[in-house]
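Q: I am new to this structure. Please take a close look at one part of it and walk me through what surrounds that part.

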Amino acid sequence: MAFELPPLPYGYDDLAPTIGGDTMRVHHDKHHAGYTRNLNAAIEKHPEFKGLSAEDLLRNLASVPGDIRTAVQNNGGGYVNHALFWEVMSPHGGGTPDGALAAAIDAAFGNFDDFAAQFSRAAMTRFGSGWAWLALDAFGKLVVYSTANQESPYLTNFIPLLGLDVWEHAYYLNYQNRRGDYVAAFWNVVNWDAVAAKWVAATR
Ligand code: MN
């Protein structure tokens, strides 16, 4: 069973003006499709790993054969990171979380605004390509941090809840070099229901 490119849960143009359709088409149909194809090509060389989820491959990267380990880290990471990214955005997003997730964010970061500032700072200070994350760390604690390139939180047994792609391919057509404007606009499309569902699943 090969890894399949998950469809966008909304139309290419539906996140505009935060992220325009031209970016979404290339990002999903070319970049995410490429990570998916390259992950499949890597696993094809070691069929004994077929059937494992991409998350499990990343959690157990040390047991992945050396000749495909880097390919699995980069393309498996790209595969799961982007799948999450599409899920945690919505044309009807924005606002703030409520319920138990809101309480957990307040407990971990003081209040929502301080959390959002910390997340935006993580996105802004990631030099070069990478991701900003809200995640549960290996001890189940809510953390904000960033990773380089396509490094996945699963590599360190973290569970990602909210991710923001800060590779230039994610924003350059809309914002050129203005990453800060992209990060600020991202909050308008965050699907907090999806983030809350991930938090519930991860803390169950
Ligand atoms: Mn990307």
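What is the relative accessibility of D165, and does D165 count as buried or exposed?

A: D165 counts as buried, at 0% relative accessibility. Buried means under 20% relative accessible area, exposed means over 50%, and partly exposed lies in between (1.4 Å probe, protein chains only). This is a predicted model, where local features need pLDDT of at least 70 and side-chain atom pairs count only at pLDDT 80 or more, while totals for chains, interfaces and linings use all residues. Residues are numbered from 1 along each chain as its sequence is written, and side-chain values use heavy atoms, with hydrogens and water left out.

Now the metal. D165 coordinates the manganese ion through OD. Donors here are N, O and S atoms within 2.8 Å of the metal (3.2 Å for Na, K and Ca); water is not among the atoms, so sites may look incomplete. Along the sequence, the donor residues follow the spacing H-x54-H-x82-D-x3-H. H27 sits in helix α1 and D165 in strand β3 (residues 159–165), so this pair links parts that are 138 residues apart in sequence. Helices (H or I, at least four residues) and strands (E, at least two) are DSSP runs, numbered from the N terminus. H27 is buried too, with a relative accessible area of 1%.

Helix α1 (residues 21–44) and helix α3 (residues 66–87) have axes that come within 8 Å and cross at roughly 145°. Axes are lines fitted to C-alpha atoms, for helices over the stretch in contact, and angles run from 0 to 180 degrees between N-to-C directions. Contact means heavy atoms within 4.5 Å.

Step back to the domains. The chain is divided into domain 1 (21–87) and domain 2 (99–203), with bounds from an automatic or database assignment. Their C-alpha centres lie 20 Å apart. Across the boundary, 19 residues of domain 1 are in contact with 25 residues of domain 2.

Last, the loop between β2 (142–148) and β3, the strand of D165. N149 has its place in that loop. N149 is not a glycine, yet its phi is positive, about 55°. N149 is partly exposed, with a relative accessible area of 39%.
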